[in-house]
Amino acid sequence: MDFAQIVQYGLAGITVGSVYAIVAIGFNIIYNTTGVINFAQGEFLIIGAMTAISLSGFLPLPVAILLAVLLTTAVGGLIELVFIRPARDASVLRLIVITIGVSILVREAMLHIWDEKVRSLPYFTGTSVSTVSILGAHISPQVLWVLAVSAVVVTGLTLFFRYTRVGRAMRACADDRMAARLCGINERWMVTLSFMLSAGIGALAGCVVSPVTQTQYDMGAPLAIKGFTVAVLGGLGNSLAAVAAGLLLGLLEQATVSQFPNAYKEAVSIVVLLLVLVFRPSGLFSRGEISALRSA
Amino acid sequence: MTPLRRYLPVLTAVLVVVLLQVALSAAGATYYLTQLTMSAYYALVVIGLCLLMGYAGQVSLGHAGFFAIGGYTSAVLTTCNLSAFGQTSWITSCRWLGMLAERRDLYGASILSFAPWAGFLAAMCLAGIIAFLIGLPILRLKGHYLAMATLGFGLIIYRIVLAAPIFGQADGISNVPPFPLPFGLEVNGRPAFREQNYYLAWALVMAAMVLAVNLVHSRVGRALRSIHQGEEVAHSLGINTYRYKLATFVASSLFAAAGGVFLTHYNGSIGPSEVTVMKSVRYVAIVAVGGMANLWGAMLMAILLNFLSLRGVMGTYDDAVFGAILIVIMLAAPDGLLRLPRWRRPMHFLSRRPHG
């Protein structure tokens with residue numbers, strides 16, 4: 001394999017990896033405020049992309065994407081209000097089962113709205129055949145869009161959680177819900193907000209990646225598995241580590257694709273997931289004692 | 001609990017099963033028996049999963065995987081053609097053990113493959129071993145981690161089935177021979193065998209229920225329930241929680257594999273649609289509707305929901321119905337349909353809380 005080919009695979013890996021990272025961050029946002037893993041996380045990407053595809057038929061692309069993101073954000077909030085809030089005192093097992101149920105309902109609803117056809121958004125710039133050369137490798141300009149949007153999302157979220165009042169309130173809830181409530185933070189709305197936020201960034205990721213990977217109603221579940229793998233790999237709740245883990249998994253997947261048949265690509269992330277769960281459930285980047293204290 | 005109280009539901013169930021058959025035959029609607037038979041085999045999976053989820057408190061989103069390990073192992077072994085190996089020594093010794101069966105295919109060519117009972121044994125062993133090896137690491141996990149790990153296991157099995165030519169890829173395996181049993185009985189899906197197979201399947205379900213109920217009311221069952229209620233407490237009382245969880249996981253995978261073997265021989269085929277994540281979720285939904293720690297409820301719901309689904313009552317909303325069931329039950333009636341507060345009194349007989 002020559003250098004250009006390595007760059008080619010590397011860029012492809014970083015592209016899918018950054019999408020996985022955004023799914024993982026979506027998991028983390030909700031996990032931090034509720035302690036729940038939202039199994040419907042992958043569905044947010046598909047809702048976003050599908051809505052944008054439908055809207056782009058009669059609206060300019062940026063407007064369609066904006067509306068799709070807003071709509072998915074609303075759906076995320078609605079899901080929390082209708083399904084999660086009434087069960088907020090339930091056991092983890094019950095909440096898992098509820099989010100699984102939600103993911104099935106959303107998927108089936110999408111099947112009935114958009115049927116099982118594979119669709120995609122138009123390329124943001126250029127067409128499916130236009131390329132940009134980087135270090136001898138030829139890549140689609142859409143790849144740059146994916147990378148740029150991912151970078152903006154990650155930076156934006158970091159700033160949001162660090163410097164805004166609401167972001168800090170959400171972090172306070174993640175640290176200690178009772179203490180946050182005593183400080184006058186409306187913890188219930190923080191949970192709703194976390195669902196909206198993670199739905200919104202999911203939808204944006206779904207839109208950006210749709211021209212490259214295309215979109216089908218049932219693609220949410222595999223994305224969720226990969227996102228969860230990345231979230232665990234980085235340590236649940238740790239969003240910056242999730243970015244590193246996402247890129248790692250993306251590169252690993254592309255390395256597999258370059259050496260083995262494409263069919264094994266799906267297995268990579270699951271094998272990684274099982275290995276991490278077995279050997280290092282607190283994530284690659286965490287120190288053992290910290291996670292032990294957390295779970296206590 | 002006196003033996004009479006414990007077995008009263010079994011007697012009632014047997015009575016219902018017989019009455020149902022008589023009524024359906026009298027009404028000339030024996031075709032319903034086919035779906036009831038298939039539902040009964042699915043009920044085996046649900047009974048096993050109920051032990052794991054309801055009693056040991058461990059979730060599994062990969063039980064369709066064990067069903068598939070059972071079904072596919074038996075299907076491969078009973079449809080492969082060993083004629084090419086002719087008289088090699090291991091073939092001769094297999095023949096001497098009675099492990100081989102010879103039959104003719106559609107075109108009259110002779111096919112030499114493993115006998116179904118050998119396939120069954122191999123399937124059960126394989127499922128048990130895989131469950132043990134998988135359970136060894138993942139049962140140390142809790143909550144979300146366990147759910148995702150079992151989901152991952154189910155997905156891997158699905159991918160393998162879809163990718164490997166030996167499992168027929170997207171087409172699955174068809175022409176699986178019937179499963180002959182002693183006394184001239186056989187697991188066979190043809191209409192002539194309908195009543196016989198209805199009773200065979202139900203005999204299996206009843207045997208599984210007796211096994212499961214006895215397990216739940218034994219020392220093991222009490223240990224399991226204590227794990228469910230508080231793992232640390234159970235541990236401090238000297239219960240080896242990990243070993244009990246592992247044993248239950250293996251046992252419940254064996255139930256699922258047995259269901260897979262028999263349904264495959266009954267249908268004469270198995271395909272990747274049996275291995276999807278949605279199938280695993282469906283089993284979880286059924287256990288949840290039945291009331292988690294309620295074996296009879298789980299069995300009843302397994303028959304009812306699978307029967308409706310197989311009859312196509314839910315149409316294109318099949319999966320959506322199961323998703324909705326999951327949500328509604330978890331939100332409104334986490335103890336299952338049979339234990340809705342308002343229903344509790346009239347349904348008392350069905351909804352007895354298991355107490356040791």
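In this predicted model, helix 2 and helix 3 of chain A cross in a right-handed manner, meaning that the near helix is turned clockwise from the far one by less than a right angle. Helices here are DSSP runs of H or I with at least four residues, and strands are runs of E with at least two, numbered from the N terminus. Residue numbers start from 1 along each chain as its sequence is written, and chains are lettered from A in the order in which they are written. Local features need a pLDDT of at least 70 and side-chain atom pairs count only at pLDDT 80 or more, while totals for chains, interfaces and linings use all residues.

The axes of helix 2 and helix 3 (residues 61-84) of chain A lie 8 Å apart and meet at an angle of about 140°. Axes are lines fitted to C-alpha atoms, for helices over the stretch in contact, and angles run from 0 to 180 degrees between N-to-C directions. Helix 2 of chain A is therefore oblique to helix 3 of chain A; angles under 35 degrees count as roughly parallel, over 145 as roughly antiparallel, 65 to 115 as roughly perpendicular and the rest as oblique. Among the residues that make this contact are Phe44(A), Ile47(A) and Gly48(A) of helix 2 of chain A, and Ala64(A), Ile65(A) and Leu67(A) of helix 3 of chain A, where contact requires C-beta atoms, placed from the backbone, within 7 Å. The contact of helix 2 with helix 3 of chain A has 11 nonpolar, four polar and no charged residues. In this scheme Ala, Val, Leu, Ile, Met, Phe, Trp, Tyr, Cys and Pro count as nonpolar, Asp, Glu, Lys and Arg as charged, and the others, Gly among them, as polar.

Helix 2 of chain A itself (residues 41-55) reaches 22 Å from its first C-alpha to its last, close to the 21 Å expected for its 15 residues, the expected span being 1.5 Å times one less than the number of residues. Of those 15 residues, 13 are buried, that is, they have 20 or more other C-beta atoms within 10 Å of their own; 12 or fewer makes a residue exposed, and in between it is partly exposed, with C-beta atoms placed from the backbone.

Helix 1 of chain A (residues 3-34) has two further partners to consider. Its axis comes within 6 Å of that of helix 10 of chain A (residues 239-259), and the two cross at roughly 140°, in a right-handed crossing. The residues of this contact between helix 1 and helix 10 of chain A divide into 15 nonpolar, 10 polar and one charged. With helix 8 of chain A (residues 187-213), helix 1 of chain A packs at about 175° with the axes 9 Å apart, so this pair is roughly antiparallel. Val19(A), Ile22(A) and Val23(A) are among the residues of helix 1 of chain A that meet helix 8 of chain A, whose side includes Met190(A) and Val191(A).

Turning to the interface, chain B gives 31 residues and chain A gives 29 residues. Helix 6 (143-163) of chain B is one of the elements that give two or more residues to the chain B side, and its share, 12 residues, is the largest. That side of chain B has 25 nonpolar, four polar and two charged residues. Helix 5 of chain B also contributes; its end C-alpha atoms are 32 Å apart, in agreement with the 33 Å that its 23 residues should span. Its buried residues include Pro116(B), Gly119(B) and Phe120(B), and helix 11 (265-279) of chain A is among the elements that cover the buried residues of helix 5 of chain B.

Technical notes
Two residues are in contact if their C-beta atoms, placed from the backbone, lie within 7 Å.
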